[in-house]
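Good morning, and thank you for coming. Please look at the sequence and the structure on the screen while I speak.

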Amino acid sequence: MRNFLLAALTALAAILWGSPLGSGALAADASASASTEFSDLLWTQADGEEEEDVSLYPAEVTQAVNAERKNRGLRLLTTEPALDAAAMARAEELREVFAHYRPNGTIFSTVFLDYKVRSTRGGENIAMGQTDPAAVMDSWMNSKQHRDNILSENFSRIGVGFFEASDGVRYWVQVFAS
């Protein structure tokens with residue numbers, strides 16, 4: 001039953017949120033109104049402990065980015081399935097190489113080609129170890145280079161990726177496109 005509910009909520013989130021080359025910054029330390037209803041969703045396990053629904057993390061990061069942009073009078077970034085998929089791929093790659101280049105040695109933006117994302121400009125923020133969307137956004141907003149990507153007027157789209165490795169380390173990616 002739990003898997004069915006998780007799949008249904010994930011599908012609903014995808015419907016509600018939809019899914020819109022060379023600068024980047026490295027994290028050294030380890031907008032739909034309906035989306036707010038999902039942000040605090042927790043599963044209750046049989047033993048009474050609550051389990052977080054990490055499938056919502058990318059959308060929560062996107063919401064946080066757009067809140068920061070709205071507070072500064074900037075246009076909101078849009079999402080698209082291909083850009084989100086590219087960000088997810090990059091998040092998984094970070095467990096192999098935590099850098100702005102890919103395991104095959106190419107720069108991060110080549111992931112745009114893999115997912116057929118067209119863009120004249122691109123940016124990437126990466127992070128490792130933060131426990132949740134609020135923590136990773138705090139890290140990025142307290143880093144000038146990361147904050148500059150988040151608030152750049154050169155970007156109109158964002159993709160967010162999150163990957164939790166088998167050892168529990170969490171990897172986060174934002175990719176930005178014009």
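Predicted model: local features only at pLDDT ≥ 70, side-chain atom pairs only at ≥ 80, totals over all residues.

Strands β4 and β6 pair in the antiparallel sense over 7 bridges; two strands are said to pair if DSSP finds at least two bridges between them. Helices (H or I, at least four residues) and strands (E, at least two) are DSSP runs, numbered from the N terminus. One of the residues involved is I126, whose bridge partner in β6 is V173.

Residues are numbered from 1 along each chain as its sequence is written, and side-chain values use heavy atoms, with hydrogens and water left out. The term pLDDT is the predictor's confidence in each residue, from 0 to 100. The protein chain averages a pLDDT of 80, and 72% of the residues score at least 70. Over residues 1-46, however, pLDDT stays under 50.

Let us return to β4. Is this strand mostly covered or mostly uncovered? It is mostly covered, since 6 of its 7 residues are buried. Buried means under 20% relative accessible area, exposed means over 50%, and partly exposed lies in between (1.4 Å probe, protein chains only).

N125 belongs to this strand, which spans residues 122-128. N125 counts as buried because its relative accessibility is 0%. Which side chain does the side chain of N125 meet in a polar contact? The partner is the side chain of Q174, at 2.8 Å. A polar contact is a pair of N or O atoms within 3.5 Å; within protein, one must be able to donate a hydrogen and the other to accept it, and residues adjacent in sequence count only if both atoms are side-chain atoms. A polar atom of the N125 side chain also lies 3.2 Å from the backbone oxygen of H146.

I turn now to the nonpolar cores. A nonpolar core is a set of buried Ala, Val, Leu, Ile, Met, Phe, Trp, Tyr and Cys residues joined through side-chain atoms within 4.5 Å. The largest has 18 residues, of which V61, V65, M137, W140, I150 and W172 touch the most other members. At least two residues of this core come from each of α3, α6, α7, β5 and β6, and α6 supplies the largest share, 4 residues. Another core, of 16 residues, lies apart from it and includes L83, A89, F163 and V173. In soluble globular proteins, nonpolar side chains tend to be buried together.

Charged side chains are my last topic. A search of the whole structure finds 8 salt bridges, a salt bridge being a side-chain nitrogen of Lys or Arg within 4 Å of a carboxyl oxygen of Asp or Glu. One of them joins R157 and E80 at 3.0 Å, N to O. This pair links distant parts of the chain, with R157 in strand β5 and E80 in the loop between α3 and α4, 77 residues apart.

R102 forms a salt bridge with E93 (2.8 Å, N to O) and another with D114 (2.8 Å, N to O). D114 lies in helix α5 and R102 in the loop between α4 and α5, so this pair ties together parts that are 12 residues apart in sequence. Through shared partners, salt bridges join R90, E93, R102, D114 and E124 into one network. R102 counts as buried because its relative accessibility is 7%, whereas D114, at 47%, counts as partly exposed.

Notes:
Contact = heavy atoms within 4.5 Å.
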